[in-house]
Amino acid sequence: MLSPYRVLDLTDDRGHLAGLLFAQLGADVVLVEPPGGSRARHLGPFVDDVPHPGRSLQAWAFDRGKASVELRTFDDPLLAELAAGADVLLECGAFPVDVAALRANNPALVTVSISAFGGDGPKAHWAATDLVVAAASGTMGITGDRDRAPLRISEPQTWNFAALDAFVGASIALRERHRSGIGQHVDVSAQQAFLTATQFQMMNGLVGGRTPQRVAGGVELGPFHVQFVYDCADGAVTVTFLFGPMIGRYTTRLWQWIHEEGGCEADLATKNWIDFAMDVFEGREPPSELDRATAVLQAFLRTRTKAELFEVALERNLLIAPVTTTADVLAMDQLADRGYWEEIDGIRYPGRFVEVPGLPLRPLGPAPQLDTDRERLAATPRRPAAPPVVRTAATDDDRPLAGLRILDFMWAMAGPAATRTLADFGATVVRVESQRRPDVLRGVNPFRAAEGDQEGALQWHSLNAGKYGLALDLTAPEAREVVLDLVRWADVVTEAFSAGTMDAWGLGFDDLRAVNPKLVMLSSCLMGQSGPLRAYAGFGTMAAAVAGFYPVTGWPERRPAGPFTAFTDYVSPRFAAGALLAALDRRDRTGEAVRLDFSQLEGALLLLGTAILDDEVNGRTAAPVGNADRTMAPHGVFAVPGDDRWIAVAVESDDQWRALCRIVDRADLAGLDAAERIGRRDELDAVVAAWAARTPGEEAEAALQAVGVPAHRVQDAADCVADPQLRHRGMFREVPHERYGTTFVEGPPFQLSRTPGGPRWGGPTFGQHLQEVLGGFLGYDDERIAELVIAGVLE
């Protein structure tokens, strides 16, 4: 889909996922490496555990499909020559590069910088690693066991989040370039990117909400301790045991089945789980009833295997998912049936992140050996694919996606977050919903004011910021013509129903393409639109469990803690938004409609590519290691004075180690090299822990950063909303709202230099924009709208 474009990838492990995604979509991606090669080539694990730049499984996983050029020196003129003909340049600070000068020489060039805290602000130059970014983002503080240090995911993810934002930001800038012919700079903050993995819980600090607490394999929701991870006969499973209009029905079915199997008394099978939370708040049920039910559920699940529970989940539409390992993932029939794996020299690699029926994406082949393409690329100059600059008249909206029209049938988090990003940058998005089945996130904290107010949920306000709201009863016969008129109006239709639902309604891709031959349609669900698990529906907690994220988040001797709640819901929107922009690019060039089949599972597996290859090649199944790192020591999270206060500290280099030794007054240890530090990991962590225990967190953070040692306090909600870096970058924004006057939403985690974006209003109230959508966009007159109201189509 992106075959006209060339992308220069100057990143290493702090961004190389972005180049991989461009390569998967057909772009010509050139890995431009510093002298000696990218640092990713020198990071383990290695094939057969033999360190060698050509045997790094990290490079194998993320550098497939790329050409390689090694710069002779940091001022090698080849970089400028390649940039003069490129469309996109990605960099992460791996080596010095003047992106402004490269854009001056090639005004069509889109440059992207990935950094820990963003390119400006008081922390822009702070030293950071994955561990430190996780601490700064607020995500670490709500991950792990309450009685231990906060946790990171041991397969590093903060840079992957930033790389996904780099992919989306560059794609937005490319689309804007079609209009202006001019490139621009995209500035990506890993801290902001990973803060999205808190599922808006940091905004509790804006509205006086309760600061979330760590619950291993679960979450605290107001007075409720909700457990997601449970032991079973042969491992662990996740169970989405919740209540409310959307999920209460699943919980009722769960307890009815358990009762049939003799696993509980009748009262749990007949309880009103839909209204359970309200019954507790109004005194009809004690909060302890949830604890009792959780204990009964745990006792029952221990009598069943993962496979047995998964089978019942499919048969009865229950929200149960097995906690899988990398070995389980490699054996999964669903992935084999969908042809997901890319096999290279007998080795299976995670495959394409999106399926495009009728348009197979090209196989990538292996990662390149260092500098294999220098001679070829130097001998073949290229011009950017940008069209000539066209000066257009000023418009009311000069954002990069102005004029793009999207009909949004998404729900919950993963889908709406994708279209929210597009709305931020100018797309006109019509969000269709129903009051009969309100979106689950209308009932989830934090709230603008009253707890439980469906018009006051900040998650809804943020995920649907800048969208036009239309409440439509899709079961009404007259609704079909309204939908088809909206499809004629739209460039894009997005939906996140269970696989086959739109087809069953007569609104499948072929039906919609018949009325709009240039339509781009994205279908998003957990497992994809085909395969034996296509009907498996649920939430990002379940996809994260099936994808293998739980076993790599926790302590070796404990049940997996897992990442915070619906982890794949935080990455899926980035994959979806990037895929949509690529499909639109192809549609604009060919005039052909495009169907996108996005599986949350398949996209998420790319983020575990190194661990999956380690299992495939070395037979080593990924397991929890706490906060330890395979290449860094000391590397951990240490208690500082105060209640549940912590600091993350990581040492990447000998210079940083010597600086740390001066701070903790242990000159006798300063001569240890990296291998020796790894071998004495526990001893060195204890040295840092003793120093941290007597040093206030802010003082410790300042002292370490002053000498270049990566460190950051583990932030909670109050810390994040007060963080001067996040405030400088506009992470939390106050915008207009129909009911409350103003509300709070999260801002975009990346910035475009020439055509910035951002939310213009909070998520709509039910049916708020009926007149704008039907009267303005579709041209319905008042009589037609009144007929639809009378028919019960409009809610």
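The following dialogue explains how to read several features of a predicted model.

Visitor: Which conventions apply to the model as a whole?

Guide: The model is predicted, so local features need pLDDT of at least 70 and side-chain atom pairs count only at pLDDT 80 or more, while totals for chains, interfaces and linings use all residues. Residues are numbered from 1 along each chain as its sequence is written, and side-chain values use heavy atoms, with hydrogens and water left out.

Visitor: How many residues of helix 22 are buried?

Guide: Helices (H or I, at least four residues) and strands (E, at least two) are DSSP runs, numbered from the N terminus. Buried means under 20% relative accessible area, exposed over 50%, and partly exposed in between, with a 1.4 Å probe and protein chains only. In helix 22 (residues 540–547), 8 of the 8 residues are buried, so this helix is largely enclosed by the rest of the structure. Among the buried residues are Gly540, Met542 and Val546. The cover over them includes strand 10 (235–239), strand 11 (320–322), helix 14 (326–330), helix 23 and helix 24 (600–605). Gly548 follows helix 22 and has a positive phi, near 105 degrees.

Visitor: Which strand pairs with strand 20, and in what sense?

Guide: Two strands pair if DSSP finds at least two bridges between them. Strand 20 pairs with strand 21 (residues 646–650) in the antiparallel sense, over 5 bridges. Ala639 stands opposite Trp646 of strand 21. The hairpin formed by these strands has 6 residues between them, and Gly642 takes a positive phi there, near 120 degrees. As for burial, 4 of the 5 residues of strand 20 (residues 635–639) are buried.

Visitor: Is Gln656 buried or exposed, and what is its relative accessible area?

Guide: Gln656 belongs to helix 26 (residues 654–664). The residue counts as buried because its relative accessible area is 13%. Contact means heavy atoms within 4.5 Å. Leaving aside neighbours within four places in sequence, Gln656 is in contact with Ala650, Val651, Gly708, Val709 and Pro710.

Visitor: How many cavities of 30 Å³ or more does the structure hold?

Guide: On a 1 Å grid over the protein atoms alone, a cavity is a set of points where a 1.4 Å probe fits but cannot get out, and lining residues have an atom within 4 Å of a point. Grid points are joined across faces, edges and corners, and a volume is the space filled by probe spheres set on the points. The structure holds 8 cavities of 30 Å³ or more. The largest cavity has about 320 Å³ of space. Of its 21 lining residues, the closest to the centre are Thr196, Ala417, Arg420, Thr421 and Pro749. Helix 23 gives the largest share of this lining, 5 residues.

Visitor: How do the residues of that lining divide into nonpolar, polar and charged?

Guide: Ala, Val, Leu, Ile, Met, Phe, Trp, Tyr, Cys and Pro count as nonpolar, Asp, Glu, Lys and Arg as charged, and the others, Gly among them, as polar. The lining of the largest cavity has 11 nonpolar, 4 polar and 6 charged residues. The second largest cavity has a volume of about 100 Å³, and its lining divides into 9 nonpolar, 4 polar and 2 charged residues.

Note on methods:
On a 1 Å grid over the protein atoms alone, a cavity is a set of points where a 1.4 Å probe fits but cannot get out, and a pocket is an open set with protein on both sides within 12 Å along at least five of seven lines; lining residues have an atom within 4 Å of a point.
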